[in-house]
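Subject: Structure handover

Hello,

My notes on it follow below.

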Amino acid sequence: MKNVGLSIVLVVEVFMLAACGSEADGLLKKMTIEEKVDLLVGAERRQGEGLNSIVSKTMGIVPGAAGTTQPIGRLNIPPIVLADGPAGLRIQPIRQGDSTSTYYCTAFPVGTLLSSTWNTELVESVGKAMGNEVHEYGVDVLLGPAINIQRNPLCGRNFEYYSEDPLLTGKIAAAMVRGIQYNGVGTALKHFAANNQETNRGGDDVRISSRALREIYLKGFEIAVREAYPWTIMTSYNKINGVYTSESSELLTDILRNEWGFKGAVMTDWNGGIDNPAQIYAGNDLLMPGTTNQRDSILKAVKSGILSENDVNRDARRVLELVMKAPRSKGYLYSNKPDLKSHALIARESAAEGMVLLKNDGAVLPLIRRSIALFGMTSYNFISGGTGSGDVNEAYTVSLKDGLMNAGFVNDLAVDTLYKEQMKIQNDEFTKTIDSNNPWAKFIHVQYKDFLPSVDILKKVAEEAEVGILTIGRNSGEFRDRKIPNDFDLSDIEKHLISLVCRAFHAVGKKVVVILNIGGVIETSSWKEEPDAILLAWQPGQEGGNSVADVLCGKVNPSGKLPSTFPINYMDIASSANFPYDANYTGKGSFMSVPLTKEEAKNPVRNVDYTCYEEGIYVGYRYFDSFDKEVSYPFGYGLSYTSFSLGKPTVKREGENYLFIIPVTNIGKVPGKEVVQLYVSAPDVSDLTKPAKELKAFAKTHLLQPGETQSLELKVTMYGLASFDEKNSQWKTDAGQYTALFGISSQNILQTLIFTVNKSIMKKVHEVLKPQTKLSFLREKGY
């Protein structure tokens, strides 16, 4: 059925492209060169740098949307509306002059949580709900999903991204795109490509090998483009090997269009890139949000002969095709009344399925006793999602306290009163610091700081309550990266709070559960032995408190698996030294593309002005597992309230595909779901170094009853086994014996199977995006 669905998507896209292309050709013939250039530049039309254009006026169509394309009134070409973002539609919920209606959207779980479900069907259902809100609120293109690789845990926008692994990223992204576009609206895969840090993202030059770029940082985009046919792609702010991505014809034409067959439009991120004619020549069709200077520079380049009118025609045709298939061009009368109640239920269910049970000593979970004591400021102010353009203006967020109360738990009165008082104090202090005239104020949220209750209060509460629950919260977002102290690492107060609560409750024979309400990976090794259970809730959207309660009380059996590795220490990560973890950057480059001045170019700052991806392909588990580096929690890890066994796998060849079948049995006492992860270890027969194992397929069972068995099918293509040979600019699948590794994490392999590729297969590609200087490839780390 999945293949049938994919075929239907392809057929629909082909017909839409043909129809829109024919109409676009007719319109192009009627347009002046000025009108064609108008189409290539968004409708914001502000002079200057555009730093205040993070959220555009959108011509009054959909307040709070990110921008619109330029209409051509003479030819009845309407504007179309583009809006953020990856975790749900971001528009203004209250509108001036309209006191009778609200325009709230659903805050769905963040991308990292959705990938933790390892469930493409579920993610597609989330996309369908999200796309319905896009459609019914009058938006034509949703600016998401964001699918950059989680190269380093300190990246400020990791919560938007899916995984450290490109296959998991691509498959989850394809499911999301299919779901959103099911509604007849578009998506924008972003940020293309290698946007892996926020620090000076508009000036950073990513210096990377062709192999690492293609195998790790482009592969997720390739999978989503080939399988889901997104309407648009958004380029990133950064450079790759010296060239801004929005100005790179090698990236946008040679690879994206000529190799992958992408047929849609490419747009910039807001104020991305420097050389506007170069962007048009490269195939970056639409410059957003649009300035008069951009329009004038393109028009001047055409009239002077620097830029060909054929290039303008080509890009304008793509923008026209986008406009023609948008709902606004078809006269759709949007209702402004999406079904928010049903979407909230989808958010709740998907969040619960993506939560990862990291520890459950003595089967303390699910909870039977309902008298609890909630510690940690985040228990009372749950974090639904990250900040910046990935945030959503939702009507409410269910706190952990409220979710547990809804499920019948009772919070200790003394601790409840204590935290209410502390929240009021910190809210009042935060309000005094906000400048209402600051255009960035809308992106700033209070971040509560934990405190230590007195030993006497802890002793009293531990005697009264039956279970202690403590939440650790973290938030991050656009414009800045995280830091190691008090962020990746717990603060001294947080560590002390965990110790004090555990000591007080354990002294009277009671248990403690820690909830991690975080957007990205943190350090856990130094404190994880103290609590009895740890539930990773990520940032679960507006229904978060209810979703956690569903898991804690056993209504939902956790089945989430980690999409990224939890290391023991930050410096254990292969990219640790090549990331701005200690940078104190305050320039404009975190907001828009900013070139170096002549003086700055003489002494560029490492990890700020340029970043060397010296770890190559060894990202995440590829590094930890290949070099036997101990971790706190491995990639793909996650516990359940039940147990599963994997039977003997089989494999058969189907053309260019290998079809693996493996039975999964629930051998426990309660219903549950399991994820089978298929890793492949390649033969050591070429001069290309290979990771110890790489994820090549995965599948999740339905809800298995105790004793029930389900046979899962996992398909691996011949191309999926290939590595990139830089010397010959080709993908190569080596002949030889491969080992299929079936596991429930990258380090917990339960079954293996040998299969053979009889003949090496090579696929030549463009020799492009090569690094300007030779990379040391882990030399500095001594590997």
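**Helix H17**

Helix H17 covers residues 492–507, 16 residues in total, and at 1.5 Å a residue it should span 22 Å; its end C-alpha atoms are 22 Å apart, so the two agree. The expected span is 1.5 Å times one less than the number of residues. Helices (H or I, at least four residues) and strands (E, at least two) are DSSP runs, numbered from the N terminus.

Two notes on the source. This is a predicted model: local features need pLDDT of at least 70, side-chain atom pairs count only at pLDDT 80 or more, and totals for chains, interfaces and linings use all residues. Residues are numbered from 1 along each chain as its sequence is written, and side-chain values use heavy atoms, with hydrogens and water left out.

Back to H17. Its buried residues are Glu494, Leu497, Ile498, Ser499, Leu500, Val501, Cys502, Ala504 and Phe505. Buried means under 20% relative accessible area, exposed over 50%, and partly exposed in between (1.4 Å probe, protein chains only). What do the buried residues of H17 pack against? Their partners are strands S11 (371–375), S13 (467–473) and S14 (511–517), plus helices H14 (413–433) and H15 (455–464). Contact here means heavy atoms within 4.5 Å.

Val508 sits in the loop between H17 and S14. Its relative accessibility is 39%, so Val508 counts as partly exposed. Leaving out residues up to four places away in sequence, Val508 touches Ala462 and Glu463.

**Cavities**

There are 10 cavities of 30 Å³ or more. A cavity is a set of points, on a 1 Å grid over the protein atoms alone, where a 1.4 Å probe fits but cannot get out; lining residues have an atom within 4 Å of a point. Grid points are joined across faces, edges and corners, and a volume is the space filled by probe spheres set on the points.

- The largest cavity has a volume of about 150 Å³. Its lining has 17 residues, and Gln150, Pro153, Glu164, Ser564 and Thr565 lie nearest its centre. By class, that lining of the largest cavity is six nonpolar, nine polar and two charged.
- The second largest cavity holds about 120 Å³. It is lined by 14 residues, with Asp84, Asp269, Trp270, Ser389 and Glu478 closest to its centre. The lining of the second largest cavity splits into six nonpolar, two polar and six charged.

The classes are as follows: Ala, Val, Leu, Ile, Met, Phe, Trp, Tyr, Cys and Pro are nonpolar, Asp, Glu, Lys and Arg are charged, and the others, Gly among them, are polar.

**Strands and sheets**

Strand S22 (residues 675–681) has six of its seven residues buried, so it is largely enclosed by the rest of the structure. Two strands pair if DSSP finds at least two bridges between them. S22 pairs with strand S23 (residues 694–700) in the antiparallel sense, over six bridges. There, Gln677 stands opposite Phe698. S22 also runs antiparallel to strand S27 (residues 736–745), joined by five bridges. Tyr679 has Leu741 in S27 as its bridge partner.

Elsewhere, six strands form an open sheet in the order S1-S2-S3-S4-S6-S9, with mixed pairing. Strands S1 (67–68) and S9 (265–267) stand at the edges with a single partner strand each, so one side of each has no neighbour in the sheet. Strands S4 (residues 186–192) and S6 (residues 232–235) pair in the parallel sense over three bridges. Ala188 is opposite Thr232 in S6.

**Backbone points to check**

Most residues other than glycine have a negative phi, and most peptide bonds are trans. Which residues depart from this?

- Gly144 and Pro145 are joined by a cis peptide bond, omega about 5 degrees. Pro145 is in the loop between strand S3 (141–142) and helix H5 (166–181).
- Met288 and Pro289 are also joined by a cis peptide bond, omega about 0 degrees. Pro289 is in the loop between helix H9 (276–282) and helix H10 (292–303).
- Ala194 is not a glycine, yet its phi is positive, about 60 degrees. Ala194 counts as buried, at 3% relative accessibility.
- Leu769 has a positive phi near 55 degrees. Leu769 lies in the segment after strand S29 (761–764) and is buried, at 6%.

Regards

How values were computed
On a 1 Å grid over the protein atoms alone, a cavity is a set of points where a 1.4 Å probe fits but cannot get out, and a pocket is an open set with protein on both sides within 12 Å along at least five of seven lines; lining residues have an atom within 4 Å of a point.
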